[in-house]
Every structure is written in structure tokens, then in C-alpha cells.
Amino acid sequence: MGHGFSTLLYKEVLRFWKVASQTVAAPVLTALLYLLIFSHVLEGHVKIHGVAYTSFLIPGLVMMSVLQNAFANSSSSLIQSKVTGNIVFVLLPPISYLEFFAAYVLAAVVRGVVVGAGVLLATCWFAPLGFAAPLWIIVFALMGGAILGSLGVIAGIWAEKFDQLAAFQNFLIMPLTFLSGVFYSINSLPPFWQQVSHWNPIFYMIDGFRHGFFGVSDASPWHSLAVVATCLALLTAFTLNLLKRGYKLRA
Amino acid sequence: MSVAIRIQQVSKSFGAVQALDRVDLAIEPGEFFGLLGPNGAGKTTLISALAGLVRPDHGTLSVMGHDVQSDYRAARRQLGVVPQELVFDPFFTVRESLKIQSGYFGIRDNDAWIDEILENLGLTPKANANMRMLSGGMKRRVLVAQALVHRPPVIVLDEPTAGVDVELRQTLWAFIRRLNEAGHTIVLTTHYLEEAESLCSRIAMLQSGRVVALDTTANLLRRFSTHTLRLRCRGEMPADLALGAAQSGGWWSLPFDRYEDVEPLLARVREAGCSIDDLEIGKPDLEEVFIRVMQGEARGEGR
């Protein structure tokens, strides 16, 4: 990884940081609103794994923000560059497809983690949080961010127009994140939907992340780690192959 | 010394459209080379293939001896491309854009050279302006600057003066000429034929993806265009002269090869009793060459 990679990473981070009110403050506010509304309705009525509902909800919202913003960063940067044509600035220099991938995905992870930290900071005052196993928190945040950042690269390269990207986001990413146990434990679901949830990789990211806070979770964190690591490996291989072939980038 | 650009048997089609058809070109280091052709002739596709933006179906391209596919890192370091489209990154200032572009090429601490480029392109007062705030002409200058941050020995400009004002054209050509004099190889596509005529030492003309003419500018002008003596006169034009001449709007155009031929021509006209009201000498121009080559191609003479 050379200076080309670090410059592309720097540029991608600077890009979202320059419009931080949209890319950081807005998603933090959204997560805060979810917390206020759901905890107002459900606090005192629901306990999950012996944890009060608001405490349970906070890590879910943090991780959901990490994932959604990681996806948003790489996908929107790429589609904007493609639509405006300034993608040539990164295609003309001697940047390898590996460096290209690493820079976009890492910048996505940075955005996800920055927003996630912001959400944590804004919400941690509302309920007690443990940090039972901080290593799991870090591992799942980084790997989840990388997976969604990688998906964002795929979507950004595949989409030719903004509405195609919006479809990818609204019909795939949003349902997968909302139906992953951010707001509930999947143990509270009917057996059929429990089964369905076990096929949603994002469930494992949220569940493993939450395990880091409370030391309890729906699935074993090792099981979650295996699923998430496999997903990351497969997506990385798939995305690298697209980039190597120059899919939709080099005609 | 190896050639600056070598293009061998390059073909590329997009669906049913044959954008490039077995193109062969070799451009020497230090040349100022013109790539001309009507819209859709394949000029931009050829440049894109050279820059690695388009992958040819067949054939190879190299820049300073480095294959653009197998040795793309070295090839791209040798090449600076000014794209035709007026593209920019709205998030950054002019200086930020140039620093970032330098970084992509692996160059740190490029400020001295960036300052020099900014100065030469008249961009210094705009160095800290956001790209969005610049006029079209200024954005075009930044595109040129971005292509030069890594001091490439080979510079390709794809219609750099399309829709820009006279001042920028002159600033730009003065700068590009200096770069050429300093040893940079320049490849230019343009629709302004007088520009190509005054700048380029050698020219290739493309039509429907094929090279249909390739020669020095001087040779092309000699082969396809002539001097003309244009006269507005009263009286009868001698029949043998009238035969080889064209007449329109009261003007006769008499072709001739060398300036020594002008006096005898004028003498013949006078002897025939014509009195001359007005006189012009038309030089061979690339536009005429271009039209003749393209018409010849349309009739299938070039095949």
C-alpha cells in the first residue's frame, strides 16, 4: 500500500468530514430520536436478557448507525464521482484495484465508527451501559463497517443513477438492518421469523456487538464472529474481482 | 530512444459500434502530435485506451515503453491526460485538488511545482477557491494543472480549448509550447484546425475508428491543399486558366504551387485584357486537407 492509497483514504475521509453536518450530525440525531421514542414507549414494559429496554436498545442503534453510514459513505462517494465524471481522477493515476478497494472500505469504516461513537456519546446518558467485553465491541464494529463499506463499493459501482442506488439502499440495506434485532431480541419472534433472522448476516453483527456490552446475546459471539468473518471474506473477494475486471469503471 | 507512444493494431467495439479499427500509431518523444477527426471518429476512445480507462478488444498500447495494461503503474506515471469533459470535485479547493492528485501519483510535498503550474496557468489568485466557485474556463485550467502534477513526459489533451475564451487559449498554448520545448511529448485533439496547423508537427486523421491520414503537417498541406490566387476582375478570363479555376461571388480562385508562379499568372490575366479590382493570396489550410481526406474516405478511396 503506497502513498496513492493513503491519499485516496485521506481524500475519502476529508470528503465526508467537510459535510459533517449531513454525514455525521444528522445520523446521530436520527438515532437519538429513535431512542427517545422507543424508550418512551417501551421502557418499563420490556426487559431483554435481564437488561432494561433502553440499555438494550443503545448498542443496537450504535451498530445500526455504524453499518448504515459505512454503506452510505462508499456508495454515495462512488456514485457521485461516476455521475459527475470526476471518477477519472482516481482511475488515471497508478492506483491498484487493491488500494482502491482498501481506501474506499477503510474510509467507510472510519465514517461508520465516527457516527457510531457520536451515537454512543449522545445516548449513553439515558441508561446504564456495561462494557463487559470491549474487544467484541471493537471487532464487530470494524468488521461490520467493512462489510457494509464493501457492499457500498459494489452498489456504487453497479448503480448508474442515484435512484438505482436508492433502490439498493431502501430494498436491501434498510430491511436487513431493521430486521436484524436492533429494536428487539429475535427470541421474542415467532419461530418462523427467528429462523429467517438467522439467515440475516446483519443480525450476527448487531448481536455480537451487543454481547460486548452486556456479555449476553441471542447467539454465541464466536458463532457470530464466524458468520461475520465469512461474509467479509466472501464480499471482499467478490468486490476485488469486480474491481480487477474494471466492471463498469474501465470499459 | 524508444517511442513515446506506441499503438499497435488496437481495436475496440462498443456493441455494434466499431470505435477503433486496427489503429497503428507511433509517436516520437518530443513530438507535438495532432489527432483529428469528426465527432465519433474514435479520438477519445483511443485516448481512453491509452489512459487505461478503456480496455481494447485487440492490440497493445504503450507509453514510454511501458504497456498500459501489464505495466500500468509505470505507464500511468509517464502520462498526463486532460479529459474532454469539464469534471471537478466539488468538495475541494484548487490547491487541495492538486495536492490530492499529486498524492495519487505517490508524490509528497509537491507545493513548489504546484505553485509553478498555478502561476503558469494564471490560477494563483484562485488557489484557495472552491472548485464550485470557478468559471468554466478556470475549471478547464485546473484540469490541465491536474494532468501535470506528476510532471509526465507525455501529455495528452482531449479538446482542451472546446468552448473556452481567447485569453485561456493563448495562455494554455503558450504554456504547452514551453512544455513541448522542454522535451515533453504532446498529443492534442481539437476541432479548431487552425490550432492544430500552427501547433502540431505531425497529424493523424481518424474516421470511423481508422487512421485515414498520417503525415507531417507540412506534407499534408502540400498533398491535399494548394495556394490559390483569388482575383476580382472585369473582362474575360483566359480559357485555359478558367478551366482549372473556381468562380464564386465575382471572385476567381486560381490554384498555384509556388510563389514564383504568381507573376506569370497575373501577366496572363492582364494580357487577356482583364483589369484587376482586388487580389488575395490564399494559403493551403488544414481545413481543406481535412475536408478532402474525409470526403475521400466517404467515397471509399482510402481503403
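Reply: Happy to! A salt bridge here is a side-chain nitrogen of Lys or Arg within 4 Å of a carboxyl oxygen of Asp or Glu. By that rule, two salt bridges cross the interface of chain A and chain B. One of them links A:Glu99 to B:Arg73, with 3.1 Å between the closest N and O atoms.

Do keep in mind that this is a predicted model, where local features need pLDDT of at least 70 and side-chain atom pairs count only at pLDDT 80 or more, while totals for chains, interfaces and linings use all residues. Residues are numbered from 1 along each chain as its sequence is written, chains are lettered from A in the order in which they are written, and side-chain values use heavy atoms, leaving out hydrogens and water.

Contact (heavy atoms within 4.5 Å) involves 29 residues from chain A and 30 residues from chain B. The buried area, meaning the accessible area (1.4 Å probe) that two parts lose on being put together, summed over both, is about 2,700 Å², and carbon and sulfur atoms give 62% of this. On the chain A side, A:Phe89, A:Leu92 and A:Pro94 supply 28% of the area buried against chain B, more than any other three residues.

Turning to polar contacts (N or O atoms within 3.5 Å; within protein, one able to donate a hydrogen and the other to accept it, with residues adjacent in sequence counting only if both atoms are side-chain atoms), 16 residue pairs make them across this interface, both residues at pLDDT 80 or more.
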